[in-house]
Every structure is written in C-alpha cells, then in structure tokens.
Amino acid sequence: MRIVVLTGAGISAESGVATFRDSDGLWEGHDVEDVATPEAFERQPSVVHGFYDDRRAALAGVEPNPAHRALGRLGDVLGDDFFLVTQNIDDLHERGGSAHVHHMHGELRSALCRGCGARMSWTRELSDYPPCPGCGVSELRPDVVWFGEVPYGMDLIQLQLTRADLFVSIGTSGAVYPAAGFVQYAARHGARTLELNLMPSEGTHFFDEARHGRAGELVPVWVDEVLAGRSG
Ligand code: APR
C-alpha cells in the first residue's frame, strides 16, 4: 500500500512551534504582507530576516513529538511506498526520524542565494547579510516559499498523489492552496483519504474519514493500525 502524508503546522504545535491560524498563531501577531511575501522582502528585508532568524534560532529549543516519531517509524517500514510532504519549515520531521521529507514551502535551516540561485544548508542568522559561500554575493534570503511564490517540487508531489492508495492530511487548516487541494486530487486518482486534525479543517468534507484530536495522540494510533494491518 502506498501512502502519502501531508503535514501542516498542527503536527508541530505540541512541540511548542506556533501554528499560523489558531488564536495564538503566528499570523495573529504578524501581518502576512509584512513578513511572508516577496514584496515585504523588497520593502523591509531586515524585518523579514529578523522574523525568520528568530524562528530559526527557536528550533534549538524544540523537540519532535510522538507524531513526528510515529511518521519516522512508518517511513522506516514502508520505504519507497511512503511519501512525506510537509508545509512546515521546521526540521522536526527529520529529527523525529524521517529520512526523506519533501518541504514544499522550503526550510528554515536553508538559505537561497538571489545571486546564483544556489540553495544551501544554513543554521545562523541572515540579517547580517553574509556573502553566499558559492558566488560571494550578499544576496541570501530565507529559503522559504512566500505567498505568491510556487511551492517546491509540485510535479513530484502530484506524481506521488496519483499513485497513492491512501492520502493522510495531518495538522493543517486546509486554508492554503495548492496543499489544500491535494485531498481532492488524490481522491480523483483513487486514493482513500483520511484527516487527522485538532478540529475539522476547511476541507474536512472532502475526506472519506476524519479523526479529530491532538496529533501527538492520533498519529501514533493510526501508524500502529497501519503497521498491524501489514503484519496481520
Ligand atoms: N494536533 C493536531 N492539529 C492541530 C494541533 C494539534 N496539537 N494544534 C493545532 N492543530 C490544527 C489546527 O486546528 C489547524 O487546523 O492545525 C491546523 C494548523 O493550521 P494553520 O495554522 O493554518 O497551519 P497550516 O495549515 O500548516 O498553514 C499552511 O499557510 O501561512 C501559510 O506557509 C504557511 O505552511 C503554512 C500554510
């Protein structure tokens, strides 16, 4: 059985990473237009760098939770039959044991050079305008996909959704496309669909089944079910 899992901010909430649209979410304290658009970066690069530098630094203080670890276990067993795509820019899936993670909205611990186009692993600040180690130009930006930009690897994601027997969406509000449309795309290509989220998402009616609760509880239970089904 081939499984595609899509995750959003809700899977990292119990690790202490703020979601975007909950009442204590990131977008409550920030105007999206000020920090998460290419125009914002042109207008006020230091504000944008400061926002992402703070979030990158905060990764040092958070740990993966049982939901990340359960997906790591599942990936170990299923291998190529498992595809994990996340909208999250944190690295908690990797630290939770997932060997292959498709970060469709980019990664905090990565920088993108606007001079030469290179993407590189990056763990320190960007607000001091360091030069690109490749081309030497001081044009590094956070390697995150902002509103109005195209997510990474859509062709691969669509291919994986086409082949999936089961599509599972975890901890995402279903408010942002194209990810919010994956459930319908997968279903059209024959997948069963399952939502695991604290509350019904905006697209909850598109799923064959929805379970509502905390990811740290729902995901390990669901993974155990899948693994038991394989051995039984
Ligand atoms: N367990 C499961 N789900 C949870 C938990 C939890 N402990 N806590 C919150 N949630 C759910 C919320 O109910 C909500 O539906 O997670 C969802 C988080 O939704 P958003 O904050 O909108 O995050 P996400 O869906 O990942 O946002 C998508 O929007 O702003 C952009 O680029 C950003 O990748 C992000 C995209």
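**Sheets, enclosed spaces and single residues in a predicted model**

The lining of the largest cavity comprises five nonpolar, one polar and four charged residues (nonpolar: Ala, Val, Leu, Ile, Met, Phe, Trp, Tyr, Cys and Pro; charged: Asp, Glu, Lys and Arg; polar: the others, Gly among them). The structure is a predicted model, in which local features need pLDDT of at least 70 and side-chain atom pairs count only at pLDDT 80 or more, while totals for chains, interfaces and linings use all residues. Residues are numbered from 1 along each chain as its sequence is written, and side-chain values use heavy atoms, with hydrogens and water left out.

Rolling a probe the size of a water molecule over the atoms shows where empty space is left. A cavity is a set of points, on a 1 Å grid over the protein atoms alone, where a 1.4 Å probe fits but cannot get out; a pocket is an open set with protein on both sides within 12 Å along at least five of seven lines; lining residues have an atom within 4 Å of a point. Grid points are joined across faces, edges and corners, and a volume is the space filled by probe spheres set on the points. One cavity of 30 Å³ or more is counted under this rule. The volume of the largest cavity is about 30 Å³. Its lining consists of Arg2, Ile3, Val4, Asp80, Asp81, Phe82, Phe83, Gln160, Arg163 and Ala164. Two or more of the residues in this lining come from each of β1 (3-7), β2 and α8 (154-163). Helices (H or I, at least four residues) and strands (E, at least two) are DSSP runs, numbered from the N terminus.

The second largest pocket holds about 280 Å³ of space. It is lined by 16 residues, of which Gly79, Phe82, Phe83, Ala99 and His100 are the closest to its centre. At least two lining residues of the second largest pocket are supplied by each of α6 (66-78) and β2. The most are given by α6, with four residues. By residue class, the lining of the second largest pocket contains six nonpolar, eight polar and two charged residues.

An open sheet with parallel pairing is formed by six strands in the order β3-β2-β1-β7-β8-β9 (two strands pair if DSSP finds at least two bridges between them). Strands β3 (102-103) and β9 are at the edges with a single partner strand each, so one side of each is left without a neighbour in the sheet. Five bridges link strand β7 (residues 166-170) to β8 in the parallel sense. Val168 is placed opposite Leu194 in β8. Helix α8 lies across β1, β2, β3 and β7 and runs at about 135 degrees to β2. Helix α10 (residues 215-231) lies across β1, β7, β8 and β9, at about 150 degrees to β8. Axes are lines fitted to C-alpha atoms, for helices over the stretch in contact, and angles run from 0 to 180 degrees between N-to-C directions.

A further open sheet has three strands in the order β5-β4-β6, paired antiparallel. The edge strands β5 (119-121) and β6 (140-144) each pair on one side only. From one strand to the next, the twist averages 45 degrees. Strand β4 (residues 106-113) is joined to β5 by three bridges, and the two run antiparallel. Ser110 stands opposite Ser121 in β5. Helix α5 (residues 45-58) lies across β4 and β6, with an angle of about 60 degrees to β6.

Several loop residues were also examined. Asp91 is located in the loop between β2 (82-86) and α7 (92-95). Asp91 counts as buried because its relative accessibility is 12% (buried means under 20% relative accessible area, exposed over 50%, partly exposed in between, with a 1.4 Å probe and protein chains only). Residues up to four places away in sequence not counted, Asp91 touches Leu59 and Arg109 (contact means heavy atoms within 4.5 Å). Ser201 is in the loop between β8 (192-197) and β9 (209-212). Ser201 has 9% relative accessibility and therefore counts as buried. With residues up to four places away in sequence again left out, Ser201 touches Thr172, Ser173, Gly174, Glu195 and Phe207.

Backbone geometry was considered for two loops. Tyr177 and Pro178 are joined by a cis peptide bond, with omega about 10 degrees. Pro178 is in the loop between β7 and α9 (182-188). Tyr129, in the loop between β5 and β6, has a positive phi of about 50 degrees although it is not a glycine. Tyr129 counts as partly exposed because its relative accessibility is 38%.
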